[in-house]
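Subject: Structure handover

Hello,

Here is the structure I promised you. Please open it first, then read my notes below.

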Amino acid sequence: MVDAAITNIQPDRAAVASQWQLIWWAFKRHKLAMISLWITVAMYIVALVPGFFAINDPVAQNARATFSPPQRIHLFDTSNGFSIGPYFHPMKLTRDPQTLAAIFVEDTTKKVPIQFFGRGYEYSVLGLFNSNVHLLASSDPSRPLFLFGADRLGRDVYSRVVQGAQISLSIGLVGVFISLMLGIILGGISGYYGGRIDFFMQRVIDFVLSLPTIPIWLAMAAALPQGWPATMQYMMITIILSLTGWAQLARVVRGRFLSLRTEEFVAAARLDGVSEGRIIFRHMLPSFSSHIIASVTLAVPAMILAETSLSFLGLGLQPPTISWGVLLREAQNIRSIATAPWLFMPGAAVVVAVMALNLLGDGLRDAADPYNK
Amino acid sequence: MLKFIGKRLLWMIPSLFAVSFLAFVLIQLPPGDYVTTYIATLAASNEVVDQNTATQLRERFGLDDPLLVQYGKWMWGILSSGDFGISFEWQQPVSGLIWERMALTLVLAIASLLATWAIALPIGVYSAVKKYSIGDYAFTAFSFFGLSVPSFLLALVLMYVAAVEFGADVGGLFSQEYETAPWSIAKMVDLMTHIWLPVTILAVSSTASLIRVMRANMLDELPKPYVTTARAKGLSEFRLLTKYPMRIALNPFISTIAWLLPNLISGSVVVAIVLNLPTAAPLLLQALMAQDMYLAGAFVLLICALTLIGSLISDILLAMVDPRIRLE
């Protein structure tokens, strides 16, 4: 397949192309992986400035909108002639005459146009400056738009999912970064020196891999003091997740080191009198960095799932921190999801994110070695 | 073969000790010891514990000893008399609380493992034989989907569907009338009617990787000359597949038990909590929340020991099937 990728392009171009160029060409042939790449990029952009993509303030409560269902966006208005432009009908709160339960009905007599780049609540962009411009905004602040409905306290589920992306997606990256550091150091030592050190490290890695992670995470997370500030919680949870996550990466790094150690170009460098550090970082690391990137991409979704599960069980991040796992706690009991199935939306976000990252990692892994096959 | 098993068994000893030490450290992690928690609990219900009683309790449980001494005592209790300490919340020995729940955890794990195999094996073979067919793509999509859905979400959605569409309550492992009943045939049958849901959920999230392993293994074997030879001899396609390439492709399948089991048990913890199954997990979570650390420690220790034993079994099975491994 990779051969085909190279021969499709003129052979002389393939001959002089850099390793990364070849990887990119091989990767581009993976349709699904390419789509996943774009989805992933889009999601991380949202996670970077969630305030811009949110519609309503994710923490604002609205007693009149408790469990308000999702509203449809209409694009064309045919009620009075024909006009183009997105609008929605505001929800009208009525009561069931018998049970007095709240029922929301779309009030089709009123129309609220949706503005692009409209003004809304004020948010901070990466802590650098404040803005109140939103991609979508209801033109009437007293009639909010609930794209994914509202939760128990009348908070906008859509805006909360968007806001939660920031924590949930970044915890994957930070956690994997810490695991990778541990994995490269420990796996590198193991693979580079071999012998007894390698034997010992292998046993440790086997041991860590044979442990069921969730009970151990739960036990560690339970030991965290309850009243910690959100940033400390965040750091501790990432560290807890990395403590078991490094083993997989260490194993990959070790395997690569072992196979590269006997390659001619490493022997040549050593005979030339190159220092150990330079052999590792200048000669060996570049030739397996593509594999590392692929493994890392596959480790990120696992971290995201781990954080979601932990927070869902109540031992990870705690409200008022907004992450997808914390949001899914709202969907914990059957009663509330029976009245408001849209509380599953954060779950859909998790599935899309994890699926995109998995497919992306899969494509990268296939493309990682353009010289083989 | 015996030498291999012996070596592997010997290796279990340091692993089990490492696990027990890990569990013990986890018990000790939260600030304060369990007497402080006890006093706090009593204070919450307006009871006052005087300093003397607290000291007495500390002495009784040896809480003022150095960590290693405490660990030694704890381990000695477990090894000599199966005494895991006292659960604080339940005011009774831990050993009385855990065994039935651990047994159900084991039943759930094994049932899920079997279900995972039963699903992954035929799908993996099918995907390899009908490579790039619509079915292959559909199963690949399904396996990626299964990989991406957190198991608790799947449990929630299925519970929602069962409750809203069928009006059925699918939580737990037993119907109400059997919950405390002694074991009988009827209770077994009742268990079977409940266990399929958690088993399906766990199997869906773990088959994904196994399908891909099986498919890749089959794809490696199918173009080999011995397959062509067998076909030339006129063997039926089904017999040919099951007799030769599948047996070889199964090999790495067994080795996957080692990592499948920790995953399954991890996953079962979350699913069991959501579905409120009477397995170890909900009690573990409760114990962790209440900092009932001896109970939590016993569960962590036993769950980890379970996976270690699982990987031991998988290694021995693998050595039995593949002579290359035991000769290494």
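Start with the strands. β3 (residues 91-95) and β4 (residues 102-106) of chain A pair in the antiparallel sense, over five bridges. Helices (H or I, at least four residues) and strands (E, at least two) are DSSP runs, numbered from the N terminus. Strands pair if DSSP finds at least two bridges between them. Leu93(A) has Phe104(A) as its bridge partner in β4(A). Six residues lie between the strands of this hairpin, and Leu100(A) takes a positive phi near 65 degrees there.

A note on the source: this is a predicted model, where local features need pLDDT of at least 70, side-chain atom pairs count only at pLDDT 80 or more, and totals for chains, interfaces and linings use all residues. Residues are numbered from 1 along each chain as its sequence is written, while chains are lettered from A and ligands numbered from 1 in the order in which they are written.

Now the chain contacts. 34 residues of chain A are in contact with 39 residues of chain B (C-beta atoms, placed from the backbone, within 7 Å). On the chain A side, α8(A) gives the most, with eight residues. That side divides into 28 nonpolar, six polar and no charged residues. Here Ala, Val, Leu, Ile, Met, Phe, Trp, Tyr, Cys and Pro count as nonpolar, Asp, Glu, Lys and Arg as charged, and the others, Gly among them, as polar.

Last, Trp217(A). Leaving out residues up to four places away in sequence, Trp217(A) touches Ile240(A), Leu241(A), Ala306(A) and Leu310(A).

Best wishes

Terms used:
Contact = placed C-beta atoms within 7 Å.
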